[in-house]
Amino acid sequence: MNGNGQLLHVRDLKVWFGSRKNPIRAVDGVSFSIPSASTVALVGESGCGKSVTALSLTRLVPAPPGIYAGGQVMFEGQDVLRMNERQLSDLRGREISYVFQEPGSALNPVFRVGYQIMEAIRLHRRDANPREEAVKLLALVGLPDPERRLDAYPHELSGGMQQRIMIAMALACQPKLLVADEPTTALDVTIQAQILELIGALQRQLHMAVLLITHNLGLVADVAHVVNVMYAGRIVESGRTEDVLTKPAHPYTRGLLDAVPRLNGKRGEVKSIEGSVPHPARLPPGCKFSPRCPRVQDRCRGVEPEITPTGDERSVRCYFPYRTEAG
């Protein structure tokens, strides 16, 4: 952990595609921190740049076609963007691991799940017995009869079991940071809750940090300590989860919250945000949310606002934010 108490600190990260003369700005000036043993959420619609940000933490975006155009990714005081291939190989899987969405696609269908778990153990933990450790991992993630499950192929398991296998693979080398990229997308509602509870329990048990990436603000309420809301490759609001969920400042954050179904709501009350996330090659001038914003004014279409601290441990990128008072 570095001197400012952060396990990971991302500063002004810029990841583009295409050429530097005419770039597609998938991630453009993103900054956030993850303290050790904490859970931080990155929230936004599809196309906002969340997954590119996550992959960039270990330079998994290939270059080319990707361009690491600027910024820093500081992990325990070292800049990942300046690491050589050997350092990156040691970092990936051992220090920072990933759980990806749609485990049915992420798992290799021609290998037994035990082989896939043991592969990481053989690579990074040469003093361990791979099969014994794999059995322990499957027990840790709550799979019944773990010895038998090791010999199963992915198609023989349910979606929830497949996702638990993915989590076991990610934990194989006892990482300090687990990046969970939409880990519940392909699962039904009850299994979603189980997977989130499992990740939270493992985070507390193993004292690891978690970066949870999702499009649904409703999922982070009981999981994350801090929420960063992302739109069009930028962070537009960040703060403590309770503050952001109860007193959203940015119109986009409020739109995401209004789109979450509520059990006590009336039929037809769920709202949607008009329009769609702009393509990163065709971003509007000024505030990138201005074409969809209910509070837009002429100033918004001119110069893009900077993300500004509001004095209550949160920041917002908006000229006309909502007041952050309850109600």
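Is the crossing of α7 and α8 right-handed or left-handed? The crossing is right-handed, where a crossing counts as right-handed if the near helix is turned clockwise from the far one by less than a right angle and left-handed if anticlockwise.

1. Basis of the note. This is a predicted model, in which local features need pLDDT of at least 70, side-chain atom pairs count only at pLDDT 80 or more, and totals for chains, interfaces and linings use all residues. Residues are numbered from 1 along each chain as its sequence is written, and side-chain values use heavy atoms, with hydrogens and water left out. Helices (H or I, at least four residues) and strands (E, at least two) are DSSP runs, numbered from the N terminus.

2. Helices α7 and α8. The axes of α7 (residues 159-171) and α8 (residues 189-206) come within 10 Å and cross at roughly 20°. Axes here are lines fitted to C-alpha atoms, for helices over the stretch in contact, and angles run from 0 to 180 degrees between N-to-C directions. The angle makes α7 roughly parallel to α8 (under 35 degrees is roughly parallel, over 145 roughly antiparallel, 65 to 115 roughly perpendicular, and the rest oblique).

3. What the two helices touch with. From α7, the residues G160, Q163, R164, I167 and L171 meet I191, Q194, I195, L198, I199, L202 and L206 of α8, contact being heavy atoms within 4.5 Å. Sorted by class, this contact of α7 with α8 has 8 nonpolar, 3 polar and 1 charged residues. Ala, Val, Leu, Ile, Met, Phe, Trp, Tyr, Cys and Pro count as nonpolar, Asp, Glu, Lys and Arg as charged, and the others, Gly among them, as polar.

4. The open sheet. Four strands form an open sheet in the order β2-β1-β4-β5, with antiparallel pairing; two strands pair if DSSP finds at least two bridges between them. The edges are β2 (23-35) and β5 (78-79), each with a single partner strand, so one side of each is left without a neighbour in the sheet. β5 pairs with β4 (residues 66-75) over 2 bridges in the antiparallel sense, and D79 in β5 is the bridge partner of M74.

5. Strand β3. Of the 5 residues of β3 (residues 39-43), 5 are buried, so the strand is largely enclosed by the rest of the structure. Buried means under 20% relative accessible area, exposed over 50%, and partly exposed in between (1.4 Å probe, protein chains only). In a regular strand the side chains alternate between the two faces of the sheet. In β3, T39, A41 and V43 point one way, while V40 and L42 point the other way.

6. Partners of β3. β3 pairs in the parallel sense with β8 (residues 209-214) over 5 bridges and with β9 (residues 226-231) over 4 bridges. L42 stands opposite I213 in β8 and opposite N228 in β9.

7. Backbone points to check by eye. Most residues other than glycine have a negative phi, and most peptide bonds are trans. A cis bond joins A63 and P64, with omega about -10°, and another cis bond joins P64 and P65, with omega about 10°. P64 is in the loop between α1 (50-56) and β4.

8. Two positive phi values. E76, in the loop between β4 and β5, has a positive phi of about 50° although it is not a glycine; at 30% relative accessibility, E76 counts as partly exposed. E182, in the loop between β7 (177-181) and α8, also has a positive phi of about 50°. E182 is buried, with a relative accessible area of 7%.
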